[in-house]
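Hi,

Here is the structure I said I would pass on. Have a look at it first, and then read on for what turned up in it.

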Amino acid sequence: MWMYALRRLILTIPILLGVTIICFALVQIAPGDPITSLVRPDTPPEQIAMLRAYYGLDQPVVVQYFMWLWRVLQGNFGTSIANNAPVAAEVMRAFANTIVIALISVVLAFIVSLILGTIAALRQGGIVDRLVTALAVFGISVPTFWLAVVLVIFFAVNLNWLPATGMGSGGSDTFNYFDWNDFKFAVMPIIALALPPLAIMTRTTRASISEILNQDFIQTLRAKGLSEFAIITHAIRNIMPSAVAMLGLQLGYLIGGSVLVETVFTWPGTGALLNKAILTRDIPLLQGTILVLAGAFVLINLVVDLAQSLVDPRIKRT
Amino acid sequence: MTDIPAGSFPTDKTQAAPATKVRGYWGSVWNRLRYDYVTLFCLGLITVIVLLAVFAPWLSPMDPERSSMANRLRPIGHAKFTLGTDEQGRDMLSRLLWGGRVSLLMGIVPVIFATLIGGTFGIIAGYYGGKVNMVIMRTMDVFFAFPSVLLAVAIAGSLGGGIGNQMITLTVVLIPPICRVAETATAQVRSLDFVDAARASGASTYSILTNHVLINVLSPVLVYSSTLVSISIILASGLSFLGLGVSPPTADWGLMLSTLRQSIYVQPLVAALPGLCILVTSIAFNLVSDGLRQAMDVKA
Amino acid sequence: MTDVIETAPTSPDPRDRGGPAQPMLIVENIKKYFPIRAGLLNKKVAEVKAVDDISFYVLKGETLGIVGESGCGKSTLARLLMYLIEKDEGHLVLDGDPVGEKTGTSLDGLRRSLQMVFQDSYSSLNPRLPIEASIAYGPKVQGTREKAAKEQARALLEKVGLKAERFGQRYPHELSGGQKQRVNIARALALDPRLLILDEAVSALDKSVEAQVLNLLGDLKEQLNLTYIFISHDLHVVKYISDRVLVMYLGQVVEIGPVDDIYSNPMHPYTAALLACQLSMDPDERVESAPLAGDPPNPVNPPSGCRFHTRCPYVEDVCMSKMPSLGDTLRADPGEHLAACHMVHAGSGHSKAPNPDSRPLPLWQGETR
Ligand SMILES: Nc1ncnc2c1ncn2[C@@H]1O[C@H](COP(=O)(O)OP(=O)(O)O)[C@@H](O)[C@H]1O
Ligand code: SF4
Ligand SMILES: [Mg+2]
């Protein structure tokens with residue numbers, strides 16, 4: 001077990017390194033020269049050369065990478081071109097907003113999927129079951145940003161129940177998730193984010209519960225007169241480890257999906273930040289945001305794997 | 001929108017019991033598909049969508065890029081503009097028809113490229129194993145460290161907008177999962193006795209790959225690739241939505257959705273149309289690839 | 001099938017180079033250890049001694065049976081002979097020519113002379129190719145033209161008893177086990193080999209089908225002047241088809257000799273136990289307790305001394321410390337019967353070892369038969 005954990009940890013290091021390489025490469029593949037975009041067009045060439053040397057851009061790419069990596073490890077993600085502020089601070093503030101609604105969404109999706117999936121597995125061919133099947137196809141096929149727009153049309157435009165965009169008057173500094181006046185701004189982003197993972201997790205829950213219910217020992221328990229409730233509890237407990245693993249994975253994907261959803265709702269998270277970076281072609285900001293999000297995804301996967309190996313004694317990985 | 005699912009492909013190795021009348025593998029696949037009405041319906045739907053897109057220049061009643069300030073945001077069912085007009089008074093029906101071309105192109109072309117590239121790498125990694133495998137697959141692992149939407153946004157964001165960059169981006173995003181599926185399938189085939197028999201007859205690696213490995217790896221890889229078409233369409237529309245696709249006057253479902261967003265208070269139904277097109281197309285492709293996967297699960 | 005030497009072909013084969021007395025194949029000290037990797041850095045922590053220093057020869061025209069429990073390294077040995085996996089050590093000499101060395105037979109030459117018939121399974125034939133194409137593939141690879149290769153494939157199908165008209169275009173899943181095995185044989189014959197290695201070639205078949213395929217093998221051998229290495233865990237089949245038998249245990253040869261000697265007079269306790277196990281299936285000869293108890297030990301860390309000592313009823317101290325030698329199988333006469341057991345070797349220190357002066361006569365014969 002500890003061997004597995006250690007091994008898994010060590011294997012994460014090259015992956016993280018790879019992630020930094022890709023993030024570094026983002027600047028390299030971006031068209032245009034980073035310096036000329038920094039300075040005024042009439043800057044004399046010798047001044048540009050000086051700047052170039054100052055930023056280490058006259059070094060070979062490999063050296064540049066390690067210089068950059070060294071700065072990143074110290075928490076220096078560079079300076080945003082648009083507002084000339086440190087990228088790290090800006091990304092972290094946005095990341096907090098993203099991760100909170102992502103967590104709420106994924107937990108919501110998890111609970112609802114357990115309920116729906118179990119009902120569907122128990123009443124196979126029934127109404128819930130069919131709905132779940134349809135929901136699964138829908139959830140996989142629907143573009144989340146369109147779903148977000150449709151939610152806005154329904155709840156903000158037609159029904160006028162919820163605010164369409166933003167984070168309320170106070171912005172993210174005073175935002176209180178336990179105050180409805182603030183929280184209502186988060187409701188639609190959460191629903192839009194939760195639906196696709198909900199669809200997928202419901203389908204998996206349905207499949208694994210029905211698999212367990214079809215096993216011989218369950219039939220034996222039934223024959224012995226164990227109550228249906230006890231059997232269901234047993235089945236749910238059995239699928240927990242894999243369901244939790246699923247939850248972690250979906251959380252990661254959800255962070256990816258949030259890029260578009262946050263744009264629709266102008267929710268000031270990393271998605272909105274990325275959108276801003278794209279519109280202003282602020283490559284350092286883009287790079288920093290991607291790095292943080294991908295790093296988070298890797299770490300979430302790591303935690304999920306470790307948690308799963310703790311929870312599930314059947315996993316004997318060497 | 002979901003992420004790219006892990007590959008699953010027929011791995012059943014049991015032998016089919018009765019010999020059917022239909023000869024060969026594709027025959028039996030078709031035999032199964034014939035009775036799968038959902039898949040057939042979606043296949044028909046896709047055919048219609050493709051035809052509409054292909055013949056858009058002849059079918060669309062108006063120039064999709066001609067705006068008219070006088071006719072902005074007409075409702076659906078308007079006498080002249082059947083599906084209304086957008087925020088610049090352009091005919092929605094025409095734009096949707098033309099936009100389908102871009103979406104389909106973005107759904108299919110990157111998948112084809114990614115299948116060629118990722119499949120080749122996967123087959124090489126799976127067949128040679130060892131160090132070659134390690135280098136290829138560990139590289140792919142790094143790409144798996146990104147949720148696909150994020151990777152797409154990262155690459156497209158750096159490269160900038162434009163149809164070519166979008167295609168490159170999607171291809172790069174789709175290569176790793178295809179590579180992984182091809183690698184697994186190849187490693188499986190590679191360990192089978194008939195490959196050893198071919199080696200024992202003195203065949204070159206190239207000949208074995210093309211004559212024995214490829215035909216056995218092809219169907220799982222193609223089935224998997226087909227599931228990526230819908231993902232590619234959604235990713236592409238997402239990128240266009242962020243302004244990382246075609247440049248403005250051109251019609252594209254993702255971009256239309258984005259620009260119509262400002263008009264949801266005026267014409268919510270018109271604003272929802274492009275997304276609906278994406279949804280229907282993507283569902284159709286999803287269901288077809290599902291059906292295909294089931295039909296291809298034929299033991300052979 | 002009694003006299004080994006007389007099975008040498010009577011009419012000279014044009015492909016023959018070394019003369020009728022030159023063995024078809026000589027295997028010299030061949031070894032294969034599979035590394036086992038584990039731990040943080042996937043370091044090699046142990047090795048499976050799948051084939052551990054095996055030497056033997058096969059005469060022209062004879063059938064050498066190889067028996068042993070599953071996992072003892074039979075298939076690995078077969079694949080080594082076919083150069084399908086790389087050997088760690090050892091040499092092959094094909095009809096007098098060393099294989100893979102500059103002056104000897106090339107790998108391609110080996111491949112034309114040596115072919116293998118795999119066990120019938122879902123994987124022995126390419127599921128996506130019509131069987132005719134599977135058979136024609138080898139000749140095509142070796143430069144035969146498409147059309148001629150097809151012709152040859154059809155002729156071979158007829159030769160193994162399948163109507164080319166009816167079966168040629170079929171796919172493997174449309175054939176029965178016996179039919180597939182015939183196709184496997186036809187494919188192996190397509191390159192006109194001189195030596196066929198049959199690895200569990202009939203093991204998956206029903207008894208009646210098995211008999212048919214064995215008969216076919218007998219006929220083909222005569223017609224085509226073939227030499228067989230016949231690998232099986234089924235002693236009955238090996239007895240039926242072999243001229244000489246080689247018994248393997250945990251990657252080593254423990255006994256080798258003419259088939260009748262081995263079956264009527266097993267010198268190694270392992271062989272005796274195998275025979276007793278097998279014969280006990282026959283109701284008349286059922287013995288009270290199965291003499292071969294338990295599974296073979298893990299080949300990763302084979303027992304010290306005699307590898308059989310953990311299961312041998314005659315184990316003594318010397319067996320645990322000293323590995324018994326088999327003797328020089330390459331110099332031995334084909335009629336000679338060798339066993340790697342201390343009880344056989346005079347002066348080995350085993351209490352049942354024969355007196356240096358008298359002929360060895362194993363004591364346990366009466367117990368097992
Ligand atoms: N490619 C391989 N890697 C590691 N171990 C192997 C490999 N092939 C075979 N072995 C091991 O070598 C031993 C002999 O296997 P095999 O030759 O297949 O035995 P048999 O054919 O007699 O049943 C077994 O313990 C098996 O697990
Ligand atoms: S050497 Fe000893 S242990 Fe090995 S077979 Fe002979 S008697 Fe048994
Ligand atoms: Mg074997």
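Searching the whole structure, which is a predicted model, gives 5 aromatic pairs over all chains. One of them is F145(A) with F241(B): the ring centres are 4.6 Å apart and the planes sit at 25 degrees, so this pair counts as stacked. The cut-off behind that word is planes under 30 degrees apart. The pair also joins two chains, because F145(A) belongs to helix α7 (residues 144-158) of chain A and F241(B) to helix α9 (residues 205-241) of chain B. Both F145(A) and F241(B) are buried.

Chain C has an edge-to-face pair, made by Y249(C) and F308(C), with 5.1 Å from centre to centre and 85 degrees between the planes. These two residues are 59 apart in the chain, so to speak from distant parts of it: Y249(C) is in strand β9 (residues 244-249), while F308(C) is in the loop between α10 (269-279) and α11 (317-321). Y249(C) and F308(C) are both buried. Y270(C) comes in here too, as ring pairs link Y249(C), Y270(C) and F308(C) into a cluster.

**Charges over rings**

Chain B has a couple of arginines to look at. R101(B) puts its charged end over the ring of W98(B), 5.0 Å from the ring's centre. R190(B) lies over the face of Y127(B), and there the distance to the ring centre is 4.8 Å.

**Around ligand 1**

Which residues surround ligand 1? They are F34(C), V48(C), A50(C), E69(C), S70(C), G71(C), C72(C), G73(C), K74(C), S75(C), T76(C) and P299(C). By type, this shell splits into 5 nonpolar, 5 polar and 2 charged residues. Both β2 (43-58) and α1 (74-81) of chain C supply at least two residues of the shell, and the largest share, 3 residues, comes from α1(C).

For the polar contacts, oxygen atoms of ligand 1 are the place to look. A polar side-chain atom of T76(C) is 2.5 Å from a ligand oxygen. From the backbone, an N or O atom of G71(C) lies 2.6 Å from an oxygen of ligand 1, and one of C72(C) lies 3.3 Å from a ligand oxygen. As for cover, ligand 1 taken alone exposes 560 Å², and the protein buries 60% of that.

Cheers

Definitions and conventions. Residues numbered from 1 in each chain as written. Chains lettered and ligands numbered in written order. Predicted model: local features only at pLDDT ≥ 70, side-chain atom pairs only at ≥ 80, totals over all residues. Heavy atoms only, no water. Phe/Tyr/Trp six-rings, centres within 6.5 Å; stacked < 30°, edge-to-face > 60°. Helix = DSSP H or I, 4+ residues; strand = E, 2+ residues; numbered from the N terminus. Buried < 20%, exposed > 50% of the residue type's maximum accessible area, 1.4 Å probe, protein only. Lys NZ or Arg CZ within 6 Å of the ring centre and 35° of its normal. Near = heavy atom within 4 Å. Polar contact = N/O pair within 3.5 Å; in protein donor to acceptor, adjacent residues only side chain to side chain. Areas by Shrake-Rupley, 256 points an atom, 1.4 Å probe, with all protein chains shown as cover. Nonpolar A, V, L, I, M, F, W, Y, C, P; charged D, E, K, R; others polar.
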